[in-house]
Each structure stands twice: as C-alpha cells, then as structure tokens.
Amino acid sequence: MRARYGVPLGITAVAAAGLLYSAGFEARSFRLRRVTIPVLPPRARPLRVLQVSDIHMVSGQRKKQRWLRSLAGLRPDFVINTGDNLSDPEGVPEVLDALGPLLEFPGAYVFGSNDYYGPKLRNPARYLLEKTQGRHGLNGNAPAVGVVHNPWEDLRDGFDAAGWQNLTNTRGALKIDGLEVELTGLDDPHIRRDRYEHVAGGPSSSADFSMGVVHAPYLRTLDAFTSDGYPLILAGHTHGGQLCIPFYGALVTNCDLDTDRVKGLSRHTAEGRASYLHVSAGCGTNRYTPVRFACPPEASLLTLVGKE
C-alpha cells in the first residue's frame with residue numbers, strides 16, 4: 001500500500017498545503033515596497049509617491065479594504081493609481097470607501113482592462129501557452145466576447161470628484177511645494193486602448209519633472225515614453241507573476257515584458273535613452289484565481305530624490 005499510494009498521497013498533501021497557504025495566507029499578506037529613485041532636479045526636496053495597483057476588489061474583502069485605508073498614514077505627497085481596481089461589478093463603492101482616506105491627497109489614475117470588463121474563468125496554464133506563442137490580451141488574441149461590463153464610469157466619477165486627475169491618453173500636472181510635476185498617461189495597452197499619438201512629444205519644458213503612467217507595461221509604450229525622454233514610468237498589471245517559483249521568480253508577466261522586470265525598479269532603454277521603470281506587483285488577484293505564491297500583494301512608496 002505504501003509503495004502504490006504513499007507518493008501520490010504525499011504529493012496531494014503538499015499541493016493542498018500549498019493551495020491553503022497561497023490562498024489563505026499569502027494572498028492576504030499585504031506588504032509595502034519602499035524604493036528610492038534619483039529622477040528629480042538636483043537639490044530638489046524629495047517627493048513621496050504612493051503607487052497602488054491591481055486592487056481587483058471583490059465585494060466583502062474587508063482585510064484588503066482596511067489595509068488600503070491604513071496607507072493614508074504614510075502621508076504621501078501624491079498618489080498614483082495604475083488601474084485594475086475592480087474584479088466585481090458590485091465593487092465600486094468598496095473601492096471608493098477603501099481609497100477614501102487616500103483621495104484626500106493629490107492624485108492621478110489610469111484604468112486597466114478589469115476596470116472596464118469583468119474577468120472570465122480561464123485555465124491558468126493558458127498564460128504559459130500565450131507566452132510561448134507571443135499572444136497577450138488583445139495583442140494577437142481574438143477579442144473577448146460575452147464579458148461582463150463593469151461600471152467604470154462610476155469609478156471615474158468618484159475619482160474625479162475627489163480631485164484625482166484622469167490620465168486616459170492625456171496629460172495632467174500637479175504642483176507640490178512649488179515643484180511642477182507633469183503626468184502623462186495612457187489607457188490600457190492590454191486591450192489596445194492606448195493612443196500614444198495623443199500625448200507624444202516628450203516632457204513639457206515648463207515642467208520640473210515628468211513621468212509616464214500606464215497600466216500594462218507593454219514594450220511599445222515603454223519604448224515610446226523612453227525615447228521621448230521621460231525619466232520615470234510607472235505601471236502595474238503583471239501581479240509580479242502572481243505564482244512564482246522560490247529562488248527563481250516569475251514564469252509569466254501577462255504582457256511582452258521580460259520576467260526579470262516583472263516587479264520593482266528596473267531600467268528601460270530605447271533609441272539611446274534610458275528611463276527608470278517601476279512595476280507594482282499589485283495588491284489583488286483575479287477573482288477566479290485568488291492565490292499568490294512567493295509574490296505577496298503590495299503597494300509601493302516611491303521616494304523621488306534629486307539626480308546626483
């Protein structure tokens with residue numbers, strides 16, 4: 001009996017324990033990533049930017065809501081929301097409530113595909129298949145049919161009413177202690193809503209500092225921002241790989257970005273120029289795959305400092 005059933009039962013037990021850990025503990029083990037980035041003019045006073053991303057709110061996620069509200073205690077200079085706030089058509093009031101204390105600070109946002117459309121149940125192995133075939137989102141795949149339409153207009157109206165700037169294929173600006181901060185945003189490239197031609201031309205000469213903001217870090221958008229001279233780009237979407245292998249890392253990014261840059265700070269080069277890229281691993285999951293492994297949910301506190 002041991003010879004025939006011992007190994008399969010042992011594998012089953014380990015798999016069950018891993019599932020219990022990744023869904024019951026790690027997916028709710030919220031962290032704060034702290035990063036310092038030298039992109040401001042020399043001798044400028046540091047700016048603290050809180051990046052929240054990929055909340056994927058499902059009605060009733062009280063622990064996530066409490067954690068998001070607690071982030072206001074960081075007292076950031078401004079907040080950047082890089083999209084995918086929803087994973088439930090009923091989640092808008094809870095997103096706005098959870099972000100309520102942060103809405104008191106200056107901020108800006110872009111949307112991701114899950115703000116517009118509800119997720120569909122799919123085999124996670126398809127992400128690996130699509131990676132090998134170079135297909136991601138609508139970039140090579142057929143358009144989704146029969147999807148749930150989320151009430152993104154209500155989310156937009158709530159953010160706008162609080163004074164956050166909508167960066168959907170447009171530019172915005174914040175003035176922080178006399179420093180002119182320019183924000184250039186794109187709609188989600190994952191579903192081909194990005195229109196870089198609407199914002200092309202690079203940073204404004206009147207701005208002290210400019211950054212690019214986008215939900216999904218597709219290479220075409222990173223190349224465009226970098227070649228136009230933006231020193232910093234913020235993105236989300238990847239979930240940090242979501243299910244990672246310890247001591248190895250992510251298997252997929254759900255876009256054409258390489259897995260070495262699936263989360264955190266890195267560099268991106270294009271046409272002889274270089275930008276800092278920060279990708280948030282986000283703090284949520286698709287409602288149909290509510291698990292994380294070796295990749296805890298996070299928000300990021302970015303301290304922007306003067307260039308040496």
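The tour starts with the overall fold and then moves to salt bridges.

This is a predicted model, in which local features need pLDDT of at least 70, side-chain atom pairs count only at pLDDT 80 or more, and totals for chains, interfaces and linings use all residues. Residues are numbered from 1 along each chain as its sequence is written, and side-chain values use heavy atoms, without hydrogens and water.

**Whole protein.** Colour by secondary structure: the protein has 7 helices and 12 strands (DSSP runs; helices are H or I with at least four residues, strands E with at least two, numbered from the N terminus). The C-alpha trace spans about 75 × 40 × 40 Å along its principal axes. Buried residues (under 20% relative accessible area; exposed is over 50%, partly exposed in between; 1.4 Å probe, protein chains only) make up 51% of the 308 residues.

**Salt bridges.** The count is 12, taking a side-chain nitrogen of Lys or Arg within 4 Å of a carboxyl oxygen of Asp or Glu.

Aspartate 187 pairs with arginine 193, with closest N and O atoms 3.0 Å apart. Aspartate 187 is buried at 3%; arginine 193 is partly exposed at 28%.

Aspartate 194 sits in the loop between strands S7 (179-185) and S8 (209-213), and arginine 220 in helix H7 (residues 219-227), so the pair ties together parts 26 residues apart in sequence.

Arg45, Asp77 and Asp177 form a salt-bridge network.
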